[in-house]
Amino acid sequence: MHRSVRKIVTAACLSGCMISLSANAEDLIDVYKLALENDPTYLAGFHEHEASKEIYAQAKAALLPTLKFDYSQTETSQDIVSSDNQVFSSGSTSYPTTEMTLSLTQSIYSYSNWAYFKQAEEDVKRVASELEDVRQDLRMRTAENYFSALREYDNYTSVKSEVASLEKHYELVSQQREDGLARVTDELDAQARYMQAKAREVEIRNTLKDALQSLKEMTGQLPQSLVSLGIDMDLVEPTPAMPLEWVEKSRNNNPNVMAKRYAISVAWQEVRRQKGGHYPTLDFVFSQNNRETEGSLFGGGSEVETQDMMVKLTVPIYAGGAVSSKVRESIELHNKAQDELEVEWRATERETYAAFDGVVGSIAKVEALQRSVDAYELGVEAKRTAYESGLTSSLSVLDAERDLFFARTEFSSARYDYLINTLRLKRAVGLLSDTDLEQVNVMLSGEEQAFEITASLMDSRTYRSSEQARR
């Protein structure tokens, strides 16, 4: 890496905020582990998966026997109002009746139940793919939010460096103006650029605070310090080098695509299940009943035990057209699932190509911007010297300072874009794993370059008070 790159990274780690020498500096893996335990989006997806997979047990239950026990107790009061039987021409009584029934039902044949079971098997595969997508999404969001915070911190340190340089230049021009060596317009230009940089500093500082809050949104706590990106970073071309091969991988591995494929199978089994409403069902029913009556109007009580075994055939004939309507509905939903797969596949294909081009483009961009920063730094130094010698205008120095700031921020962003696009490419093909995060985490420099998130950074009132006191 060139001298300027080391200066940028060192400045990003040393200026603006305090250096953290604590062993508690949080790197990418630390934040990811916290997100695994606390991110509500991931936890909601996990619990949804746990709930959805219960459909398999429910469908399996429809094929297994059901056992039911019924118990009832009845109090009966009877009065003879009239009777043709002279023996029982009048009278009244009251008695209880206790009845217990144990019944077992086993489905012998049900087309709908077997289709429902096959549907549940496909649905379990679908929710497993969706859970994998939730996991990969967590890894991607963690990396994006982590590097977004580092990106904004680099911008923050860069703008503070610009502010310091412009302040120094403004003081120099003001002094020259007092000595009659500079024009009023030079002083006004220097003041205007200085205040513009101060305004950018406030804006970037707020953006940095928001980026840190994004991490808190995932982990439930504000990080105390984050490990910065190291000075040396290997820029590796995607392997394989042909984007079409990555697209083919995404077709076979992307969890969203796989989930949509299983959703088609689920929808087709739903068609079969609804068609089963036209077919007969066959069930075996066994029941044992005990009925004890402790009295009657015409004599003593009784206790009767009854056992019934029945093979029950049910043939649906007509249900008002409801079954046919449900079949048509499920067919249309199956067609919808096929269209949703095509939508997902086209989006994944575009995402894969974009991520591949992003990696390749980021490599070229980092290399170009690296040389750009080198050139701008030399240009700023040369123009400062030329201005002090009276060979160039103050505006030329101000333009050079501004261009250097933008070059530094673009260079910093390009480095993070490379890392993010590398992970996005893995995400697009459905292969983003914990190992990928660990490989990126190695590029973080270590705790000696961790920056501490101070209270003054997060408190705007403290920042304004300190600025007013300094002025």
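Visitor: What do the buried residues of helix 2 pack against?
Guide: They pack against helix 5 (111-178), helix 6 (184-219), strand 3 (225-227) and helix 11 (434-441), where contact means heavy atoms within 4.5 Å. Helices (H or I, at least four residues) and strands (E, at least two) are DSSP runs, numbered from the N terminus. This is a predicted model, in which local features need pLDDT of at least 70 and side-chain atom pairs count only at pLDDT 80 or more, while totals for chains, interfaces and linings use all residues. Residues are numbered from 1 along each chain as its sequence is written, and side-chain values use heavy atoms, with hydrogens and water left out.

Visitor: Which residues of helix 2 are buried?
Guide: In helix 2 (residues 28-38) they are Leu28, Ile29, Val31, Tyr32, Leu34 and Ala35. The N-terminal end of this helix is capped by Asp27, which has a side-chain oxygen 3.2 Å from the backbone nitrogen of Ile29; a polar contact is a pair of N or O atoms within 3.5 Å, and within protein one must be able to donate a hydrogen and the other to accept it, with residues adjacent in sequence counting only if both atoms are side-chain atoms.

Visitor: How many aromatic pairs are there, and why is the pair of Tyr56 and Phe117 called tilted?
Guide: The count comes to 6 aromatic pairs. Rings of Phe, Tyr and Trp (its six-membered ring) pair if their centres lie within 6.5 Å, and planes under 30 degrees apart count as stacked, over 60 as edge-to-face and the rest as tilted. The ring centres of Tyr56 and Phe117 are 5.5 Å apart and their planes stand at 40°, so this pair is tilted. Because Tyr56 lies in helix 4 (residues 55-61) and Phe117 in helix 5, the pair ties together parts that are 61 residues apart in sequence.

Visitor: Why does Phe117 count as buried?
Guide: Buried means under 20% relative accessible area, exposed over 50%, and partly exposed in between (1.4 Å probe, protein chains only). Phe117 has a relative accessible area of 11%, so it is buried, whereas Tyr56, with 30%, is partly exposed.

Visitor: What makes the pair of Tyr146 and Phe147 edge-to-face?
Guide: Their ring centres lie 5.7 Å apart with the planes at 90°, so the pair is edge-to-face. Tyr146 counts as buried at 0% relative accessibility, and Phe147 is buried with a relative accessible area of 1%.
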